[in-house]
Amino acid sequence: METIEKLITDEWGLKDVTINQSLQNFDNRSVLKLHTSQGYFVCKITKADISHQEFAKRTSIFSFLRNKNFAHAPIIINTKSGNTFYQKDNKFIVLMEFIEGKEPAPSQNNYIQLGTILASLNNFNDFSYPALISVNAIRPYFQGLSEKLPNNIQAHYLQLAKKIPDIDALPHSLIHFEASLKNTVQKPDGTIIIIDWDEAGMASTILDPGYHLINYFVSEDLKFDINSCKAFYASYLAKHSLSNIEIEQLFNASLFHALRYIVWGDTQKRWTRILWALENRDLLLSALR
């Protein structure tokens, strides 16, 4: 493939393009920070392992949010021909604005802002495409995840995974799926911008607020930040109402996330946190009242 600098110049019309920094580098994706005469941008280069049409669906989230005046997502930069991405050989190239800022501190004020932002996102129910992940889509993978765990954990882990109810049957809306503070950038003026929209789409609403309960408000040394938890859910529920059934199932949505992510860190600590959460379910849910 021609150099990324020349491609950005030719297809987006930016000038004096140089690679400023490599932000991420995986087997199937790399993320670069670019400097140009017009300012800084982020370039995502993804292996084209899906169709052109399918990738267009995934990038349509940015146009949708911009049309909805949702101010907490990066702006995608269209090519000179008006497309949201460019395909070259076996790569998809996306160009986005660079958000100047840093990861927000896990403070009550930031959780209040995140709860409000997430609620406004979950109020959208007219996006055209489903989220890439659902509970039922993940169910077949729990067996493989269990095999990565210590032998004394595997049976209990699978037992918990099998008991996760049909969360996918609950009301749907537009969700991000992983909108934690770690997936945001806080601009110098304090505004929080959510990044990494790769898995966003229509799915059960409670998967978004449920993502935080165990994974973020209970530390791996079993400290429950009840004040931040209350602040987050109070701000969320002030802008997006959940039915009684959804409230009842929010813990199970959080348990689903915790079981899915158990291998992406200290497995024993994450398992101990799951057991602690099960024993203290009423305490955790008290933060929603």
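Let's start at Thr267. Setting aside residues up to four places away in sequence, Thr267 is in contact with Leu149, Pro150 and Ile262. Thr267 sits in helix α10, which covers residues 267–279. Is Thr267 buried or exposed? Thr267 has a relative accessible area of 18%. Buried means under 20%, so Thr267 counts as buried.

One caution before I go on. This is a predicted model.

Next, a pair of helices. Take α3, residues 108–122, and α8, residues 226–239. Their axes come within 7 Å. They cross at roughly 30 degrees. Angles under 35 degrees count as roughly parallel, so α3 is roughly parallel to α8. The crossing of these two helices is right-handed.

Which residues make the contact between α3 and α8? On the α3 side we have Gln108, Tyr111, Ile112, Leu114, Gly115, Thr116, Leu118, Ala119 and Asn122. On the α8 side they meet Asn227, Ser228, Ala231, Phe232, Ser235, Tyr236 and Lys239. By class, that contact has eight nonpolar, seven polar and one charged residues.

Keep Asn122 in mind. It is among the α3 residues that meet α8, and Asn122 also touches Ser173. So let's move to Ser173, in strand β6, residues 172–175. How accessible is Ser173? Its relative accessibility is 3%, and Ser173 counts as buried because that is under 20%. A polar atom of the Ser173 side chain lies 3.1 Å from the backbone oxygen of Asn122. Leaving out residues up to four places away in sequence, Ser173 touches Asn122, Phe124, Asn125, Gly201, Met202, Ala203 and Thr205.

Last stop, Gln87. Find it in strand β4, residues 86–88. What does Gln87 contact, leaving aside neighbours within four places in sequence? The partners are Ala48, His52 and Phe92. With His52 there is a polar contact, side chain to side chain, of 2.8 Å. Now look at Thr46. Gln87 and Thr46 are 41 residues apart in sequence. In space, C-alpha to C-alpha, they are 9.6 Å apart.

To recap, with the structure on screen. Thr267 is buried. Ser173 is buried too, with its side chain in a polar contact to the backbone oxygen of Asn122. Helices α3 and α8 run roughly parallel, with a right-handed crossing.

Conventions
Residues numbered from 1 in each chain as written. Predicted model: local features only at pLDDT ≥ 70, side-chain atom pairs only at ≥ 80, totals over all residues. Heavy atoms only, no water. Helix = DSSP H or I, 4+ residues; strand = E, 2+ residues; numbered from the N terminus. Contact = heavy atoms within 4.5 Å. Polar contact = N/O pair within 3.5 Å; in protein donor to acceptor, adjacent residues only side chain to side chain. Axes fitted to C-alpha atoms, helices over the stretch in contact; angles between N-to-C directions. Parallel < 35°, antiparallel > 145°, perpendicular 65-115°, else oblique. Left-handed = near helix turned anticlockwise from the far one by under 90°. Nonpolar A, V, L, I, M, F, W, Y, C, P; charged D, E, K, R; others polar. Buried < 20%, exposed > 50% of the residue type's maximum accessible area, 1.4 Å probe, protein only.
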